[in-house]
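Here are my notes on the model you sent over. Please keep the sequence and the 3D view open while you read, and follow the points in order.

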Amino acid sequence: MAAMEEDNGEFYLRYYVGHRGKFGHEFLEFEFRPDGKLRYANNSNYKNDTMIRKEVFLTPAVLKECRRIISESEIMKEDDNNWPEPDRVGRQELEIVMGNEHISFTTSKIGSLVDVHSSQDPEGLRIFYYLVQDLKCFVFSLISLHFKIKPI
């Protein structure tokens, strides 16, 4: 019953990872909006590259799958108080609204699982790390699928 209530409740997700460095403000950001719109932005100024922006409306089935990924990760039970603070290497932000629950996390960039294991909260950060990997794969798949260039 709780899963059905979650499906009908409000849903919003925003993820950001970035830093300011030699090439300016470089970042990756995506958000799933309550109206079903997926917004994606990737800004890499390396070799004067331009910002990539994509928007697409998703079906209820795709949004349901995104909710399932989040629910199964159990990220909504976590707390970022003992996670590494953002630093000169960069920062990550994750905000999720699902039903009546709202979470917002901020931490440093995670280079590898070594960073996760050496943190003060390795279990919580591991859940965050793997959820972010899953969400990135999901978003990249959706963007690639929707914006695939057709051969002439």
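Contact, in these notes, means heavy atoms within 4.5 Å. This is a predicted model, in which local features need pLDDT of at least 70, side-chain atom pairs count only at pLDDT 80 or more, and totals for chains, interfaces and linings use all residues. Residues are numbered from 1 along each chain as its sequence is written, and side-chain values use heavy atoms, with hydrogens and water left out.

1. Let's begin with the loop between strand 5 and strand 6, where you will find G99. Helices (H or I, at least four residues) and strands (E, at least two) are DSSP runs, numbered from the N terminus. Setting aside neighbours within four places in sequence, G99 is in contact with G9 and E10. Is G99 buried, exposed or partly exposed? Buried means under 20% relative accessible area, exposed over 50%, and partly exposed in between (1.4 Å probe, protein chains only). G99 counts as partly exposed because its relative accessibility is 22%.

2. Now step back to the whole fold. The chain has four helices and six strands, and along the sequence they follow the pattern α-β-β-β-β-α-β-β-α-α. Its radius of gyration is 16 Å, close to the 15 Å that the globule rule gives for 152 residues, so the chain is as compact as a globular protein of that length. Here the radius is taken over C-alpha atoms, and the rule is 2.2 Å times the number of residues to the power 0.38. Along the principal axes, the C-alpha atoms fill a box of roughly 55 × 50 × 20 Å.

3. Next, some totals for the chain. Of its 152 residues, 39% count as buried. Among contacts between residues at least 6 apart in sequence, 48% join residues at least 24 apart. The chain exposes about 9,500 Å², and carbon and sulfur atoms supply 51% of that area; accessible areas come from the Shrake-Rupley method with a 1.4 Å probe, and for residues only the protein chains shown count as cover.

4. A nonpolar core is a set of buried Ala, Val, Leu, Ile, Met, Phe, Trp, Tyr and Cys residues joined through side-chain atoms within 4.5 Å. Which of the 36 residues in the largest nonpolar core touch the most other members? They are F32, I70, I75, L94 and I96. Among the elements that give two or more residues to this core are strand 1 (11–21), strand 2 (24–32), helix 2 (60–73) and helix 4 (122–146). Helix 4 gives the largest share, 11 residues. Not counting residues up to four places away in sequence, F32 touches several partners, including F11, L63, C66, F138 and L142.

5. Beyond its neighbours within four places in sequence, L135 is in contact with L13, F30, C66, I69 and L94. The C-alpha atoms of L135 and C66 are separated by 7.8 Å, although the two are 69 residues apart along the chain. E123 is also in helix 4, but is partly exposed, with a relative accessible area of 43%. E123 and E78 are 9.3 Å apart in space, C-alpha to C-alpha, and 45 residues apart in sequence.

6. Finally, please check the backbone at E74. Most residues other than glycine have a negative phi. Phi of E74, however, is near 65 degrees, a positive value. E74 lies in the loop between helix 2 and strand 5 and counts as partly exposed, at 42% relative accessibility. E74 and I127 are 7.5 Å apart, C-alpha to C-alpha, and 53 residues apart in sequence.
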